[in-house]
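Please view the sequence and the structure together while reading.

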Amino acid sequence: MYLCVFIAALHSYENYYVHDKYMDKEFEQFLKGIKDIKLSQKEKELSRTRVVDFMKQHPIKTIATRKQNRARFFETERTLFVSIGKKHILMPLTLIIAILLGGSVSYAAEGAFPGDTLYPIKITVNEGVQNLLAVSAESKAKLQVELANERLKEAEVLVINNRLNAQTQAKVEAQFQSHAEKVQKLVEKIEKEEKGDHRGARVAAEVHANLESVLNAHEDVLVRIKDTSEREDETRALASLILNVRAQGEIASSTNVKFDAAFTTQTDERMQKGAREKKKSAQNKIEEVKKYISKMEARISAEASAQANTRIVSASEAVVAGDVYMDGKMYRDAFNSYQTAVKIAQEAKLIIEIEKDLKVSNKNKSKVKESEQNDRDSNGGKSNRDERNEEDDDRKSDVQIRTNQNGTTTTGTNLKIQVKTGTSTESHTDDDEEDDDKEDGDEVETEIKVNVGGNSNLNVTGGVQ
Amino acid sequence: MAQQPGNTHKKFIAIYDELSDALFRHCVLRISDRERAQELMQDTFTKTWEYLAKGETISNLKAFLYRTLHNLIIDEYRARPRSAHSSLEQLIEDGYEPVDHCGARTEHSAEARIAVEAIQKLGESYRDVLLFRYVDELSVQEIARIVGESENVVSVRIHRGTAQLRELLCA
């Protein structure tokens with residue numbers, strides 16, 4: 001066959017240019033043959049059923065269930081190793097007793113607010129553990145955004161419960177600022193990490209956009225709360241917090257400018273594709289938030305609704321602006337426009353969510369006064385806390401906590417962890433710096449302070465109180 | 001993907017209907033075990049769903065699925081060293097139900113036989129990229145990310161793999 005001779009001659013010159021034009025007959029037949037390999041109808045349907053069943057067993061997690069899981073995470077699923085050196089010393093019996101109390105303490109701490117006894121545990125233990133578990137810079141950054149969000153939500157709930165004053169606000173604000181700053185640092189890290197296909201820049205931009213949505217949404221809510229506040233100390237506290245939120249917002253938006261430089265080096269084709277994908281995300285997001293708003297309209301205030309709707313309009317406008325850029329082949333600017341659309345739509349959604357959570361907390365506030373602290377048997381308007389505490393009663397409270405010696409990345413995180421042994425562990429008696437908040441000492445008999453430093457440094461102080 | 005639960009469900013199932021055959025085919029051409037290939041194809045979807053269920057979003061679902069599958073196949077190689085081209089006949093015969101391919105059956109079998117033989121004679125790295133590129137129709141960038149090589153390396157492999165395939169087909 002002359003064709004074959006021809007081909008043989010060709011590739012003896014290693015001629016790379018012909019590679020994709022090689023759609024000759026043999027090749028087409030080859031492809032045809034290959035594509036005949038597939039599942040039988042029966043097999044395909046069987047697998048389909050299995051996949052669908054799996055999907056039903058693993059529903060998509062919303063933020064509400066995610067909070068539940070965070071607490072559960074800490075308790076039973078992920079055990080972190082406290083392997084301390086090579087020797088093993090039997091733990092005192094009291095430590096074992098501590099376990100029984102340990103689990104429910106951290107679980108209940110999840111719903112704590114500044115000023116509560118358990119709040120320090122929520123901050124140091126629960127969130128400290130989450131930080132250890134997030135290994136990549138990307139997941140750490142996302143976690144920090146979430147935590148910043150959490151601090152602002154706490155502030156809002158405090159206002160509802162008339163508990164926002166200079167002290168509580170200072171606590172919350174300091175934490176919030178530290179999270180926001182961490183996000184900035186991590187984002188820089190992400191950007192540097194993956195230079196290959198600018199994925200790092202894209203991920204960094206997304207995390208950034210997320211942070212900005214959180215900041216902007218909360219800023220609006222806080223301002224609204226402040227305007228309707230009647231107490232002066234509350235107003236002042238809010239004003240300070242709002243300033244901080246705005247400041248972080250400025251930092252976030254000014255850093256964004258840096259990312260544009262990374263995008264200009266992308267080839268047009270790749271950027272065009274990225275822009276098109278972003279547009280789809282933006283459109284999906286807008287749709288989703290629109291539906292969400294109409295679903296929630298009845299349950300929230302008119303102002304929140306109005307704010308959310310104006311944002312949706314802006315988001316749609318941003319998409320239109322992006323389209324104009326696309327037509328002009330300015331793909332980078334199109335991408336940024338679409339990203340902005342996503343961000344604004346997310347803000348709209350957050351505003352509604354925050355409002356909804358606040359209303360629910362408000363309802364619960366009056367109920368708490370009627371019923372006991374532990375009795376969460378409310379009729380309507382269950383908050384996240386309600387659901388969690390109800391589950392808590394059924395849940396067994398044993399906890400095993402061991403901290404991995406090598407896997408951590410943060411330096412000098414102070415964790416207070418209650419430790420269980422069925423096996424034996426040892427304890428140094430290195431004294432760490434005292435932590436201010438020892439209120440939780442009342443709740444448990446034993447606590448151990450762990451300082452996780454550098455690569456594999458793990459100092460554990462054991463104590464019995 | 002849209003983050004509303006109902007929407008994502010439907011979309012995901014639609015993607016299954018669209019891509020399950022292709023993923024299965026890719027898998028079976030690499031591990032020559034039909035049953036196992038079906039399982040791995042399933043696992044690809046369930047693992048991807050788990051990722052989505054955590055609340056993550058995926059911008060390129062097709063590439064994500066293929067990457068997941070690719071990793072599963074690699075794990076499979078490690079766990080079970082492959083026996084040579086087993087059940088080549090099985091591969092081809094089982095794919096057909098008499099109902100679907102009545103008359104054209106013999107013809108397709110022959111083509112399929114040649115194709116599968118050829119593909120299995122190629123070196124692994126060539127075979128993989130050729131499958132990704134021509135059978136699964138992924139872009140070079142997507143392939144590069146899936147196999148963890150630079151686009152240049154992938155391009156060169158495709159060129160050389162195609163050349164080698166030509167030889168095999170013409171022989």
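Q: How many helices and strands are there in chain A?
A: The model is a predicted one, in which local features need pLDDT of at least 70 and side-chain atom pairs count only at pLDDT 80 or more, while totals for chains, interfaces and linings use all residues; side-chain values use heavy atoms, without hydrogens and water. Residues are numbered from 1 along each chain as its sequence is written, and chains are lettered from A, with ligands numbered from 1, in the order in which they are written. Helices (H or I, at least four residues) and strands (E, at least two) are DSSP runs, numbered from the N terminus. By this rule the count in chain A is 14 helices and 3 strands.

Q: What pattern does chain B follow along the sequence?
A: Chain B has 8 helices and 0 strands. Read along the sequence, its pattern is therefore written with helix symbols, under the rule that helices and strands are DSSP runs numbered from the N terminus: α-α-α-α-α-α-α-α.

Q: What percentage of the residues of chain B count as buried?
A: A residue is buried under 20% relative accessible area, exposed over 50% and partly exposed in between (1.4 Å probe, protein chains only). In chain A, buried residues make up 48% of 465 residues. For the 171 residues of chain B, the value is 51%.

Q: Which helix of chain A has the highest confidence?
A: Confidence is given as pLDDT, the predictor's score for each residue from 0 to 100. Chain A has a mean pLDDT of 68, with 56% of its residues at 70 or more. The lowest confidence in chain A is in helix α14 (residues 384-394), at a mean of 41. The highest, at 90, is in helix α12 (residues 302-327) of chain A.

Q: Over which residues of chain B does pLDDT stay under 50?
A: Chain B averages a pLDDT of 79, and 78% of the residues score at least 70. Among its elements, α7(B) has the highest mean pLDDT (93) and α4(B) the lowest (52). The stretch with pLDDT under 50, for which the model has 14 contacts (heavy atoms within 4.5 Å) beyond four places in sequence, is residues 95-107 of chain B.

Q: How many contacts beyond four places in sequence does the model have for residues 368-465 of chain A?
A: In chain A, pLDDT stays under 50 over residues 11-21, for which the model has 11 contacts beyond four places in sequence. Residues 368-465 of chain A also stay under 50. For residues 368-465 of chain A, the number of such contacts is 225.

Q: How many residues of chain A are in contact with chain B, and what area is buried between the chains?
A: In the contact between the chains, 62 residues of chain B meet 52 residues of chain A. Buried area is the accessible area (1.4 Å probe) that two parts lose on being put together, summed over both. Carbon and sulfur atoms give 59% of the area here. The values asked for are 52 residues of chain A and about 5500 Å².

Q: Which three residues supply 12% of the area that chain B buries against chain A?
A: These residues supply more of that area than any other three residues of chain B. They are Y134(B), H159(B) and R166(B).

Q: Which residue of chain A forms a salt bridge with E56(B)?
A: A salt bridge is a side-chain nitrogen of Lys or Arg within 4 Å of a carboxyl oxygen of Asp or Glu. Between chain B and chain A the count is 6 salt bridges. In the one formed by E56(B), the closest N and O atoms are 3.6 Å apart, and the partner is K142(A).

Q: Is Q169(A) buried or exposed?
A: Q169(A) is found in helix α8 (residues 166-193) of chain A. Not counting residues up to four places away in sequence, Q169(A) touches L164(A), A237(A), S240(A) and L241(A). Its relative accessible area is 9%, so Q169(A) is buried.

Q: Is E137(B) buried or exposed?
A: E137(B) is found in the loop between α6 and α7 of chain B. Its phi is near 60°, a positive value in a residue other than glycine. With a relative accessible area of 53%, E137(B) is exposed.
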